[in-house]
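Welcome! Take a moment to look over the sequence and the model, and then we will explore some charged side chains together.

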Amino acid sequence: MKLKLATPPSGDSRSSAQFRTHAVSTMSVHACEIPVPSFLRKYKDGTGHADCYVTEVPGLITQPQFVEAFYTSPLFKIERTIISCLASKPATDSDAKQLAAGNASKFSAWSVEAQSPSELLLADFTGRTRSWLMALPCVGSPVATRTRLYFGSAVVARTVRGSPQPNMGWAFHSLLGFHRVYSRLLLSTASGRVGSD
C-alpha cells in the first residue's frame, strides 16, 4: 500500500531535508512477522487473528517516547474522542504520558495486560482485542542510531452457540481492510512525531 505524501506547507520552518526524512519513514511502514518472543506472539500462535507492522526511524527512541507519541497523535485523538462519546471512557494526553511511564494500569477503553521496558500490551474492556507497541534499537545499525518501531493488534475468536469452534464473526472480516490501512496510518503518524523531535 502506498501512502500519499503532502509537500511542506509554505513558510514551514522545517528544512526540505527534514521533510524528506519524515517522508521516507512514512513510506516504510510495512507488515511483518510478529517477533518471537513478544507479548503479542501468543495471540498469533493461538486462535483468532493477530498482525504486526513495523517501521524504522533515525535516533534512539525509547519505549515511553513511542507510546506517548502514539496515543497523543492527532489521528489517535480522533479514536479517543469516539470512544469517549460511545463508551464513556475518556483519556487525556496526561493519561497517555502516565501510561507510557508505566504509572497507569488503564487508559481509556484499555487495561494493561503486560508491560516491559520495550513492550506494552493493552486489552480492551470487552476482552476481544489487544493493542501492542514495541520499540527496539536496530541490530547492526551504526552505533545503534536507528530504532525499529512496531505496532500490532489481535482479535480473540469468540464461541458462538451452534458453532463447533470459535470464529471471528462477520464484523471482523468486513472491517479487516480498514484495520490494515488504519494500522499503517497510526504507526506512520507516531513514527513521524518521534522522528521529528
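## A linked trio

Which residues are linked with Lys42 in a network of salt bridges? They are Glu113 and Arg130, so that Lys42, Glu113 and Arg130 make up the network. Keep in mind as you read that this is a predicted model. Side chains of opposite charge can pair when their charged atoms come close.

Lys42 and Glu113 form a salt bridge through their side chains, at 3.3 Å from N to O. Lys42 belongs to helix α2 (residues 41-45) and Glu113 to strand β4 (residues 110-115), so this pair ties together parts that are 71 residues apart in sequence. Glu113 also has a salt bridge with Arg130, and here the closest N and O atoms are 2.6 Å apart.

## Buried or exposed?

How exposed is each member of the trio? Lys42 is exposed, at 51% relative accessible area. Glu113 is partly exposed, with a value of 30%, while Arg130 counts as buried at 11%.

## Another pair to find

The structure has seven salt bridges. One of them joins the side chains of Lys77 and Asp93, with 3.1 Å between N and O. The pair links distant parts of the chain: Lys77 sits in helix α4 (residues 74-87) and Asp93 in helix α5 (residues 93-100), 16 residues apart.

Lys77 is partly exposed, with a relative accessible area of 32%. Asp93 is partly exposed too, at 32% relative accessibility.

Definitions and conventions: Residues numbered from 1 in each chain as written. Predicted model: local features only at pLDDT ≥ 70, side-chain atom pairs only at ≥ 80, totals over all residues. Heavy atoms only, no water. Salt bridge = Lys/Arg side-chain N within 4 Å of Asp/Glu carboxyl O. Helix = DSSP H or I, 4+ residues; strand = E, 2+ residues; numbered from the N terminus. Buried < 20%, exposed > 50% of the residue type's maximum accessible area, 1.4 Å probe, protein only.
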